[in-house]
Amino acid sequence: MYQTPRPLGPPPNYTARRAVAATGAVLVLYLFFRIVSSFTGDDGGEERLSAETTTSTSTTVVALETPPACEYLDEQSIFADEADWARTIVDTAYALPEAYEPPDLVSASGAGYSAEFRVRSLVIDDLDALRNAIIAADVPEVALLAAYRTIEDQEALFALREDELGFADAAKGTARAGHSEHHLGTTVDFRPIGATDVDQSFGDTATGQWLEDHSWEYGFVISYPEGQEAVTCYKYEPWHYRYVGRELAADIQASGLTLREYLWHWEVTGTPPGASTSAVTSSTVAGAADESDTGDTAG
Ligand SMILES: [Zn+2]
């Protein structure tokens, strides 16, 4: 803090003030000419470099936010609009609003599957492409076991499992009402053709393996991969695939993160993992421009 004591008695010395102001003006002029001359090269190379102003863009990757331990809460997903279908997080903590209903449910027959199942129309083309790719890969084909499920259906399903297994075990394999990705209308459960149900051994079959390796190419992501129970909050489900679109599926695949980790980060930071914030700064630096750290994004 500068606190110039007010002079007592005589009025302020304006002559002295003018002198100070004049000196300031001379200094400003002097600096101006120094800078101009440095740009015109009058002072030689050394000086010119020292006065260069550079504009640099620094990018900072937003630090990954990791999801908390699995908890059974009833938070509402932030991106819960039907238009946010690809990035809506649905897990043991985040639920969809009670009134959530996909607006464009259609029969899965458009993708060559049984008409008793419904998915959002935006899934049809890639679900069909996936089915054709399975055929082209010459691995055994699959049928659907589940697709869109209403919140009421899920409530009944969970109650059944809870009666059978108790809450803790039921919750590791079945979502509570409102917490199932099947409400989105973008998620399907596969089963081997001819089988009435599916279990974890499906993951060891040629088709189960093929799906884990290639489904992302058609926009599908395995939500609950093997060995990730602590992060996904569910047992390994080699049959449960959620459609997020090809672009996002490729990004998720490249990130090496599970879907929950990926979407959790997006939910709490507002940006997908690997996104960076840019800051443009102008600065006067000595010597050559700094060329480090440009455009680095997490892959
Ligand atoms: Zn499922």
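The legends below describe close-up views of one predicted protein model.

Residues are numbered from 1 along each chain as its sequence is written. Because the model is predicted, local features need pLDDT of at least 70 and side-chain atom pairs count only at pLDDT 80 or more, while totals for chains, interfaces and linings use all residues.

**View 1. The whole chain.** The protein chain has nine helices and 10 strands; helices (H or I, at least four residues) and strands (E, at least two) are DSSP runs, numbered from the N terminus. Of its 299 residues, 29% are buried. A residue is buried if 20 or more other C-beta atoms lie within 10 Å of its own, exposed if 12 or fewer, and partly exposed in between, with C-beta atoms placed from the backbone. Among the contacts in the chain with a separation of 6 or more, 63% are between residues 24 or more positions apart. Two residues are in contact if their C-beta atoms, placed from the backbone, lie within 7 Å.

**View 2. The open sheet of four strands.** The strand order is β6-β7-β9-β8, with antiparallel pairing. Two strands pair if DSSP finds at least two bridges between them. The edge strands, β6 and β8, each pair on one side only. On average, neighbouring strands of this sheet are turned by 40° against each other, direction ignored; the axes are lines fitted to C-alpha atoms, and angles run from 0 to 180 degrees between N-to-C directions.

**View 3. Strand β9 and its partners.** β7 and β9 run antiparallel and are joined by three bridges. T187 stands opposite R242 of β9, and D189 stands opposite H240 of β9. The pairing of β8 with β9 is also antiparallel, over three bridges, and F220 has Y243 in β9 as its bridge partner. Both faces of β9 are covered: H240 and R242 are buried on one side, and Y241 and Y243 on the other.

View 4. Leaving aside its neighbours within four places in sequence, A249 is in contact with W216, G219, F220, V221 and V244.

**View 5. Two loop residues with positive phi.** Most residues other than glycine have a negative phi. D138, which is not a glycine, has a positive phi of about 65°. D138 is found in the loop between α3 (121–136) and β6 (142–146). C233, also not a glycine, has a positive phi of about 75°. C233 lies in the loop between α7 (229–232) and β9 (240–243). D138 is exposed because 8 other C-beta atoms lie within 10 Å, whereas C233 is buried because 21 do.

**View 6. Helix α4 and the residue after it.** Helix α4 (residues 151–165) has 15 residues and reaches 21 Å from its first C-alpha to its last, close to the 21 Å expected at 1.5 Å a residue. The expected span is 1.5 Å times one less than the number of residues. Just after α4, G166 takes a positive phi of about 90°.
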